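Hi everyone, thanks for having me. Please bring up the model on your screens, and we'll walk through it together.

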Amino acid sequence: MKKTFYITTPIYYPSANAHVGHSYTTVVCDTMARLKRMQGFDVMFLTGTDEHGQKIETSAKATGKTPKEYVDEIVAGFQRLWKRMDITYDRFIRTTDDYHIESVQKIFKTLYDKGEIYKSVYKGAYCKPCESFWTDSQLVDGKCPDCGRDVEQAEEEAYFFRLSSYGDRIMKLYEEHPEFLQPQARVNEMVNNFLKPGLEDLCVSRTSFTWGVPVDFDPGHVVYVWIDALSNYITALGYGNDRYNDFDKYWPADFHLMSKEIVRFHTIIWPSILMALELPLPKRVYSHGWLLFGGDKMSKSKGNVVDPYVLCDRYGVDAIRYFLLRDVPFGQDGNFTNEALIQRINSDLANDLGNLVSRTVAMVEKYFGGTLPTDRQPGDFDDDLIAQISGLYDRVNTLAEDLQFPTALTEIFRVIARTNKYIDETTPWVLAKDEANNARLATVMYNLLEAIRVLGVLLSPFLPETAPKIFAQIGAAEAVTTWESANTFGMLPQNVTVKKGDALFPRIDMEKELAELEALGAAKAAPKAEEKPVKAEVEGVASLIDIDDFAKVELRVAEIVACEPVPKADKLLKIQLDDGAGGRQVVSGIHTWYEPADLIGKKIILVANLKPAKLRGVESQGMLLAADAGDAVKVIFADLQIPAGSKVR
């Protein structure tokens with residue numbers, strides 16, 4: 001029977017389309033899943049979406065959709081992205097799935113019957129964006145410690161989980177099983193910030209909204225999102241439902257992988273729930289850092305999301321996967337820049353790997369017509385190269401087992417560099433000048449092809465689209481591209497035949513590419529070239545700029561402080577803004593989609609340098625940004641944390 005391996009991403013909150021930050025976690029999990037499959041494991045790779053909560057309910061209402069309609073659209077976007085990123089998940093769970101809801105209700109009732117959940121009244125701080133309750137001692141400057149946003153005081157009847165009784169057991173878990181939570185810095189955070197101050201019982205139901213899993217024995221209550229969401233790791237295996245029946249096969253999970261801001265839920269709340277249910281704990285929880293862009297956490301709300309579709313279309317999926325796996329120190333924050341991405345593609349993938357494959361195959365075709373003769377003559381430098389190749393398998397296995405993918409890739413590319421050096425050391429072009437050297441030349445070519453084969457196998461989980469292309473060029477049959485085959489040098493046939501193909505990674509002109517990316521970004525931000533005709537009821541609108549001069553547009557964050565309809569204009573709203581510079585008035589044709597009361601207190605992006613214009617006799621001193629969404633128009637709201645008057649760039 002095969003050994004099993006169960007790895008999970010967090011289930012993603014569908015508040016926006018997935019960005020390259022989401023892709024990072026999923027690519028890491030996918031790489032590990034691919035590696036384990038190659039090693040012969042029976043793998044379960046789970047991902048999905050966390051779709052309940054007050055924020056979803058509120059967002060759906062603002063769009064005129066039901067919560068389910070709202071999340072269906074966004075979830076489809078995640079699934080399209082995972083397909084584009086070549087993610088090979090085995091199961092995708094949605095917390096709106098019927099079987100999951102059934103299981104969560106059973107889990108909640110079980111905990112209640114065991115006395116682990118009791119009814120009381122909640123009074124305290126609640127972060128709506130994170131859907132997290134916090135004690136006053138956990139707040140940072142009175143704000144949510146995770147996202148930094150304002151919290152609101154909540155008071156409502158609720159059920160509580162006796163989390164306070166599990167502090168000692170969680171501390172003991174960390175002490176006796178140091179492998180449970182990694183890296184060590186996360187352990188220190190959990191101990192110092194939560195365990196030492198003392199855990200408090202956790203509010204696990206809400207009555208102020210309805211979009212959640214109903215508490216079936218107490219109508220009006222819905223299950224707190226983190227019990228709902230965390231339970232997915234076992235409900236997806238059939239715990240408490242008949243949809244699946246492989247809980248005993250795969251649980252406990254080998255790896256829970258997530259970003260650092262949700263470690264508390266996975267390493268304090270989740271193990272406490274499992275202890276209360278008398279279930280085994282996951283073997284390891286690994287927390288990675290944030291993918292930063294310009295020094296900030298990559299976040300849709302901060303406007304610094306890098307579109308993974310654009311990146312994949314321009315550079316190929318494997319190039320993006322490689323950058324994420326190679327340049328982000330696992331467990332720490334990593335920084336994304338276009339320059340760093342292009343530099344990594346050029347230096348590692350085009351110059352080192354791509355050049356090695358193309359040079360070697362071209363020489364075999366040039367010197368031997370594509371098929372090597374079987375005569376051999378060992379010589380200088382062979383033993384050192386073979387030793388480097390032969391030791392790589394164990395090093396990569398050891399590093400990958402701890403998710404140290406950047407270091408594993410560094411090791412692989414160190415040997416790629418050594419193999420390129422072998423070409424310079426053996427000078428095949430000199431050997432080819434004398435037929436007497438044919439046996440030696442064939443040996444050099446075989447060693448190069450065999451080195452590439454081993455390297456291709458070890459790169460397969462990291463570069464799943466590229467590895468088969470390498471094997472096709474060097475004539476490596478499937479039987480010699482298994483994971484175990486990388487542990488043996490000399491598995492290619494002695495008379496192997498090569499076939500030259502396209503360049504694996506064409507070199508990119510850095511200066512030209514950066515200019516094109518900048519132009520692409522400006523084009524995406526600019527108004528559409530074909531604007532709808534201005535209707536007669538909106539007269540006198542003039543613009544200070546045109547599309548060609550879009551770079552001169554000044555965008556600023558402004559807060560809506562008052563809003564009312566424009567008389568005798570069904571579509572127009574008169575909006576009073578705090579723009580950080582004394583205030584201004586804007587008129588916008590969005591009344592079809594928004595009521596004034598729904599806009600007050602929101603922050604928008606203001607085109608601040610438009611000439612004043614009159615719409616139905618009412619002066620408008622600028623324009624707010626909105627987007628076409630089918631037949632509707634959606635205002636682009638800014639993060640509430642951003643001060644009014646902040647420049648958008």
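This is a predicted model: local features need pLDDT of at least 70, side-chain atom pairs count only at pLDDT 80 or more; totals for chains, interfaces and linings use all residues.

Residues are numbered from 1 along each chain as its sequence is written, and side-chain values use heavy atoms, leaving out hydrogens and water.

Let's start inside. A nonpolar core is a set of buried Ala, Val, Leu, Ile, Met, Phe, Trp, Tyr and Cys residues joined through side-chain atoms within 4.5 Å. Buried means under 20% relative accessible area, exposed means over 50%, and partly exposed is in between, using a 1.4 Å probe and protein chains only. The largest such core here has 106 residues, and Tyr 315 and Leu 458 are among those with the most contacts inside it. Helix α17 (residues 438-459) gives the largest share, 14 residues. Helices (H or I, at least four residues) and strands (E, at least two) are DSSP runs, numbered from the N terminus. Apart from that core lies another, of 68 residues, including Cys 127 and Tyr 250.

Now, where is Pro 219 found? Look in the loop between β9 (205-206) and β10 (222-223). Pro 219 is exposed, because its relative accessible area is 70%.

Finally, strands β23 (residues 626-629) and β24 run antiparallel, joined by four bridges; two strands pair if DSSP finds at least two bridges between them. Ala 626 stands opposite Val 635 in β24.
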